[in-house]
Every structure is written in C-alpha cells, then in structure tokens.
Amino acid sequence: MQDLRPGRSIPPHASHGPPGVAAVPAASPHVSLPPYPDGWFLIATSDEVKPGKVISRRLADEDVVLYRTAGGRLRAVRPYCPHLGAHLGHGGTVRGENLVCPFHHFQFDPEGACVRTGYGTAPPRARLGRLEHREIDGLVLVWRHARGLPPSWEVEVPPAADFPASHRRVRILAAHPQDFVENAIDFGHFAALHRLVVDITDPPRFEGARMETAYRLGRAAGQRNGMYSFGPSVRTVVQGLGVMYGEAEKYGFRLRIWSCVTPVGPRHVRMCLTAAVRHTRPGRTGAARVVAALLPRAVTYASGLETDKDVPVWKHMAHLERPRLVEGDGPITRFRRWARQFYSEPL
C-alpha cells in the first residue's frame, strides 16, 4: 500500500506490472522531507498584537490564536473553546485579563482556566490549550513540536542596541523551511543565480540548534573583469529552521535584519523580513537620520527581488538523498546533518 501521508512522495517511474502483481518501485534519487520541522517559528510581530487584540495565524496547517490582555500579557493558545468548540480567533474578544469565547461568552484567565460562563453559573473544569511563546526584539515566536514535547532550546536574544522601528515585508512562498534556510550556506548559488561573489570571512559553525557564519557579497564593478564592489561583512545566526538573524555595519550605520520562515501548509511558508537601521556615530546630522529611516525599506525591497529568483527553484525542487556536491558548494552535507535534529521522525 502506498504511503500517502503528508510529506511522503510516490517514487517516480514506478513499475506497476500486470493486475494482481505488486508494483516494484524504481530506485528514487530523492526523499521527501517531513513537511514541518520542530522548533520556534514567527507567528506575528509585537505591534500586531496590541492590548485587547485577538488574531489567528497558521502554523503547520493548524491555527494558533494570539491575544494580549488589557494589562499587556501576551498569550498563545490553541484555537478551539473546550466548551463547544467555537474558534476563539473568529469573534473572540479580550475583557480585562480574560479571553472571551464568541459563542457562549465563557471566559478564560491568562493561565487558560475557565473562570466564568455566559450564564452566571459555576464554570466547568476546562482549560485552553496553551502554547509556549517568546517575545524577542519585537517578534512573537511560538514553539511547535510534532510530538508535543516542550522546548529543548531557546532563541538567542541579540544585544540591545536602541534600534528604531523596523520595516516589515511579509509574503507567502512555495517552499520548504529547510530549503529557505539552506540558502544561507549554499554559497555556489549566489554566483549562479544572483550573480554575486561571496567572500567568506567566518566559515559556518554548527553548535546545538545554532549555526553561525559571516561573509561579504560583491557585485561586478564596471567592465573590468575580476573587479568587484563588496559590501560589509554580514554576520548571520541561524536558529532552528525558522529564525535567522544578521547584523552589519558600514559608513556609521548599523543594520539589523531578521529573516523568519513559518510553515503554514505543505511546502508553503510565511516569510517575514524585518530590517532596522541606526546611525552609530555621535553628532550625526538630520540627513543621516533620514537615511537611517529610509534604508530598511530599501533593504527589504532589494532582498525581495533576490528572493524572487529563488522561489521558482524552491517550488519545483526535490530533496536529493545523495547530492553530487563539488568544491564551492558550501557545507551543505554538514548543514543537512545538523538539520536532522529538528524532525521528530527519521529522514
């Protein structure tokens, strides 16, 4: 019997044979990754969940409900009321510190316990399904694990640096989270697809749930062959298969950028890119402040143009079990071994 669970592929060119004879599949050069890795994933930005606000977002083909109480406490819960199953993200409201179901107006306190009914009767012993969440640098992350296990690692918080408000760009892309993150160390594709030269200033290091590297990207400068204009060295920190963080500094401006991908359905991700810039030299002019305010929009726009070149490849690519790698590809084998820890089942 064929395995048709999500993330399982039917081997191509299978030999079906005559009726009554079991099909013998041909050897397949690829395997399918499980559709959803475990880890921390971006659900919203802090400014999207103001006090009294209730929103619903997709994570691994399921809904997550986020709300913030009047006192400012943020909560992430499973979407259905334990009373009669109403979806709390569609019509649910916040009353003081409680989340109110839209159907019968049952109320749930910040710990998830039902504390009041809509009839004034004794509340049932019922609780909301709470989800582990973290609020980091204006981002709301939720922990997802296929087996329901608690967080086994934490997302590193970058040092405070008094950045102004960031500019955000959100898109839904046809991609797998691992393909998106693998781009960070697939150095060969920068030249072939993006026409960029890579100058690695710090080779990738893999430690626990974290991968760190630094490099500069260069574009051809003028007509002279071999002449390139390089930007600043960007230090990139990857945490799990959903969170990437980077910083760079040049000409007295420091850039901070978050690239986060959240699996919303099989081979579809919600990509959120946020960028913020501040000037680092004292006594900067008003013009410098204007530049710092405009640069994040330019960075996210330019990044979006480059991502557009990757999307058609991600949409149709297969995950090869034994890729034929060559010098210049980057440490893809090491990356894939490291990535295995983020799946609850063997690859």
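**A nonpolar surface patch**

Select Leu193, Val313 and Met317: together they form a nonpolar patch on the surface, with about 200 Å² of accessible area. A patch consists of residues with over 30% relative accessible area and no salt bridge, like charges being joined within 9 Å and nonpolar side chains (Val, Leu, Ile, Met, Phe, Trp, Tyr) within 5 Å. Met317 belongs to the loop between helix H3 (286-316) and strand E20 (319-320); helices (H or I, at least four residues) and strands (E, at least two) are DSSP runs numbered from the N terminus.

The model is predicted: local features need pLDDT of at least 70, side-chain atom pairs count only at pLDDT 80 or more, and totals for chains, interfaces and linings use all residues. Residues are numbered from 1 along each chain as its sequence is written, and side-chain values use heavy atoms, with hydrogens and water left out.

**The whole chain**

Buried residues account for 45% of its 347 residues, where buried means under 20% relative accessible area, exposed over 50%, and partly exposed in between (1.4 Å probe, protein chains only). The chain exposes about 18400 Å², of which carbon and sulfur atoms supply 54%.

**Two buried positions in strands**

Next, select Val261 in strand E18 (residues 253-265). With a relative accessibility of 1%, Val261 counts as buried. Beyond its neighbours within four places in sequence, Val261 is in contact (heavy atoms within 4.5 Å) with residues including Phe41, Pro177, Phe180 and Met271.

Move to Leu66 in strand E4 (residues 62-68), a buried residue with a relative accessible area of 0%. Among its contacts outside four places in sequence are Ile43, Val54, Arg75 and Val142. Leu66 and Val142 are 76 residues apart in sequence, and their C-alpha atoms are 9.9 Å apart in space.

Two strands pair if DSSP finds at least two bridges between them; strand E7 (residues 98-100) and strand E8 (residues 107-108) are joined by 2 bridges. Within this pair, Leu99 stands opposite Phe108 in E8.

**Aromatic pairs**

How many aromatic pairs does a search of the whole structure find? The search finds 11, a pair being rings of Phe, Tyr and Trp (its six-membered ring) with centres within 6.5 Å; planes under 30 degrees apart count as stacked, over 60 as edge-to-face and the rest as tilted. Phe106 and Tyr119 have ring centres 5.8 Å apart and planes at 80 degrees, so the pair is edge-to-face. Phe106 is in the loop between E7 and E8, and Tyr119 is in the loop between E9 and strand E10 (133-136).

Select Phe180 and Trp314 next: this pair is tilted, with 5.4 Å centre to centre and 55 degrees between the planes. Phe180 is in helix H1 (residues 177-182) and Trp314 in helix H3, 134 residues apart. Phe180 is buried at a relative accessible area of 8%, and Trp314 is buried at 4%.

**Salt bridges**

The last selections concern salt bridges, defined by a side-chain nitrogen of Lys or Arg within 4 Å of a carboxyl oxygen of Asp or Glu; the count comes to 28. Glu97 and Arg73 form one of them, their closest N and O atoms being 3.1 Å apart. Glu97 lies in the loop between E6 and E7 and Arg73 in the loop between E4 and strand E5 (74-77), so the pair ties together parts 24 residues apart in sequence.

Finally, select Arg235 and Glu212, whose side chains meet in a salt bridge at 2.8 Å, N to O. Both residues belong to a network of salt bridges that also links Glu156, Asp202, Arg205 and Arg210. Arg235 is partly exposed, with a relative accessible area of 34%, whereas Glu212 counts as buried at 10%.

Terms used:
Accessible areas come from the Shrake-Rupley method with a 1.4 Å probe; for residues, only the protein chains shown count as cover.
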